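Trainee: I am new to this structure. Could we look at it together, beginning with a pair of helices?

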Amino acid sequence: MSKEILLVADAVSNEKGVEKEVIFEAIEAALASATRKRYLEDIDVRVSIDRATGEYDTFRRWMVFADDSTELEEPAHELRMEDAVEIDPNAQPGEYVEQAMESVEFGRIAAQTAKQVIVQKVREAEREQVVEEYQVRVGELVSGIVKRVDRNGAYVDLGGNAEGFIPAEHLIPREPIKPQDRIKSLLAEVRAEVRGPQLFLTRASPQFLIELFKIEVPEVGQSLIDILGAARDPGLRAKIAVKSNDSRIDPVGACVGMRGSRVQAVSNELAGERVDIILHDENPAQFVINAMSPADVLSIVVDEDAHSMDIAVDEEKLSQAIGRGGQNIRLASDLTSWELNVMTESDAEEKSEQEAHELVANFMKELDVDEDVATILVQEGFSSLEEVAYVPASELLAIEEFDRDIVDELRARASDMLITQAIVSEEVIDQAAPAEDLLSLEGMDKELAFILASRGVVTREDLAEQAVDDLEDIDDLEPERAGKLIMAARAHWFENEQQA
């Protein structure tokens, strides 16, 4: 029988590509299982196979506990120290003692039991091998044959006992995938799960598009061209941003290829998805203008504080700039990471005039100046009291209509108004003192309580009526802490319900 064990280990190892040690461990587990079935009580059995000869020995074993330990939970598996030393004089608490017992013959093992244990061990080993092999390949392209498709997604045979799964939401919408099709996808995640898929793939992510271009455009792999980002509406349209590290290379032309061959190859892999190649620019405004392609931008206004841009286009080109269902403007916004507002040239002029009138009115009120002076400030690009008060005096003196006296007076008035506003703000905060029940709330500190009070959240009841989102703009207040404080403030609601 010993030779049979060696033959089985060799055969299964060669067939499944699994190390012999895993097969030996499976056979040991099967022999131990068969041995336990001989006994009425549930005993702990260990089988040891000699890896060279195939001979094996069987042992019953017990876990050793100290004599003063509490009552044994599993007497068939455990022994006190005083009993363990009778079996092994060197026994120690926390270790096992073993006693040799009769071994079952390998040929008499119930075939189904042995098969189940070996198959399970082999499957576990195969899955571990897959995880180890693919763990380092996350973010790479993989290719395989579609095994089956259902409403949950597509299952892809990657070869070598590896199976990938593309969830339905990560497939390209309306793409006609069927069994036996060879497809590429991006390895998005590897999970070491006992059952079910382990390798999660995607064909809908922007990174998948980038990886396809890396294959089709050799200059990208040679670092002559960088792909800096991508935005996709899977199956319909996409935009990628590229730049050249070599002044002799046109990055857009290189990605398009001779007669569009390179971009067409990518588009074919993406079920006909149209791809715009966008030239990256360090100037955000110019980058946005490029990203709006194929629409022509007439003017652009940048609001750095709001991280947004107003884009003016010809009225006849407005629908093209927006795209079907807002597709073009949405992709351009995703690609550039700027909030984009597209409008006609007349709407842009009207909005600009309205904002200018509001600024003029604010300067007239806050600086106590006439309309002419306020208009000059706005025309010269000033938009706030801080700019008037703190920009170098030379910038104001450079304005033809202003002399030294006017500049000094404007700066003084702006500084005084800023100080007044700060004082008023402090007084409002000081007047809004938190109630005692808010200060005493578990998890509350004085500083946070005063900040909440300045926002109108004065009592415990006020806080109880808030949501986590209402407090998200408070600095250093984590959402988790905000949630705990709100629940603490609501605790008395539940107490009242229980009493009722």
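Mentor: The crossing of α5 and α8 is right-handed (the near helix is turned clockwise from the far one by less than a right angle; left-handed if anticlockwise). Helices are DSSP runs of H or I of at least four residues, strands are runs of E of at least two, and both are numbered from the N terminus. This is a predicted model in which local features need pLDDT of at least 70 and side-chain atom pairs count only at pLDDT 80 or more, while totals for chains, interfaces and linings use all residues. Residues are numbered from 1 along each chain as its sequence is written, and side-chain values use heavy atoms, with hydrogens and water left out.

Trainee: Which residues of α5 and α8 make the contact?

Mentor: On α5 they are F208, L209, L212, F213 and E216, and on α8 they are R262, V263, A265, V266 and E269; contact means heavy atoms within 4.5 Å.

Trainee: Another topic: where is D181 found?

Mentor: D181 lies in the loop between β7 (162-167) and β8 (182-190).

Trainee: Is D181 buried or exposed?

Mentor: D181 is buried, with a relative accessible area of 18% (buried is under 20%, exposed over 50%, partly exposed in between, with a 1.4 Å probe and protein chains only).

Trainee: What does D181 touch?

Mentor: Leaving aside residues up to four places away in sequence, D181 touches G144, I145, V146 and P176.

Trainee: And which residues of α12 are buried?

Mentor: They are A348, V360, F363 and L367. Just after α12, D368 takes a positive phi of about 55°.
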